Amino acid sequence: MNGLKPCPFCGRDVAEVLDDATEQLERYGNEFAASGWFCDSPWYYGVCNAHRGGCGASGQGAETIEEAMANWNRRA
């Protein structure tokens, strides 16, 4: 996603903003969603996408995409 800095941990430029549901599906797969513990909430997170070679780190949750981007970009 444009406007996101590279990951402060691994340095890769594969960060994107995901909502809770998408992040859980990417991290745990469809079996997790079928387990009944699936969370479909309006929170967003900056995430270093492990499926694209990143380390899987995530930033602080936010109520909007813009806030999640700002949270990700302000990390050291």
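Colleague: In which segment does C7 lie?

Modeller: C7 lies in the segment before β1, the strand of residues 15-19. Keep in mind that this is a predicted model.

Colleague: What makes C7 count as buried?

Modeller: Its relative accessibility is 4%. Buried means under 20%, so C7 counts as buried.

Colleague: Which residues is C7 in contact with, leaving aside its neighbours within four places in sequence?

Modeller: C7 is in contact with R12, C48, C55, A57 and W72. As for R75, 68 residues apart from C7 along the chain, the two C-alpha atoms are separated by 9.1 Å.

Colleague: Why are C10 and C55 called partly exposed?

Modeller: The label covers values between 20% and 50%. C10 has a relative accessible area of 28%, so it is partly exposed. C55, at 42% relative accessibility, therefore counts as partly exposed too.

Colleague: R12 was among the contacts of C7. Is R12 buried or partly exposed?

Modeller: R12 has 43% relative accessibility, so it counts as partly exposed. Like C7, R12 lies in the segment before β1. Beyond four places in sequence, R12 is in contact with P6, C7, G53 and G54.

Colleague: What does the side chain of R12 reach?

Modeller: It reaches the backbone oxygen of G53 at 3.1 Å. The cut-off for a polar contact is 3.5 Å. The C-alpha atoms of R12 and C48, 36 residues apart along the chain, are separated by 7.7 Å.

Colleague: Where is N49, and why does N49 count as buried?

Modeller: N49 is in the loop between β2 (44-48) and α3 (65-74). Its relative accessibility is 5%, so N49 counts as buried. The side chain of N49 is joined to that of E16 by a polar contact of 2.3 Å.

Colleague: Which residues make up the largest nonpolar core?

Modeller: There are eleven: L4, C7, V14, A15, V17, C48, A57, A62, A68, M69 and W72. Both β1 and α3 supply at least two residues of this core, and the largest share, three residues, comes from α3. In soluble globular proteins, nonpolar side chains tend to be buried together.

Colleague: Which residues of α3 are buried, and what do they pack against?

Modeller: A68, M69, N71, W72 and N73 are buried in α3. The buried residues of this helix pack against β1 and β2.

Colleague: And how many helices and strands are in the protein?

Modeller: Three helices and two strands, in the order β-α-α-β-α from the N terminus on. Of the 76 residues in the protein, 36% are buried. The accessible surface comes to about 4,700 Å², with 51% belonging to carbon and sulfur atoms.

Conventions: Residues numbered from 1 in each chain as written. Predicted model: local features only at pLDDT ≥ 70, side-chain atom pairs only at ≥ 80, totals over all residues. Heavy atoms only, no water. Helix = DSSP H or I, 4+ residues; strand = E, 2+ residues; numbered from the N terminus. Buried < 20%, exposed > 50% of the residue type's maximum accessible area, 1.4 Å probe, protein only. Contact = heavy atoms within 4.5 Å. Polar contact = N/O pair within 3.5 Å; in protein donor to acceptor, adjacent residues only side chain to side chain. Core = buried A, V, L, I, M, F, W, Y, C linked by side-chain atoms within 4.5 Å. Areas by Shrake-Rupley, 256 points an atom, 1.4 Å probe, with all protein chains shown as cover.
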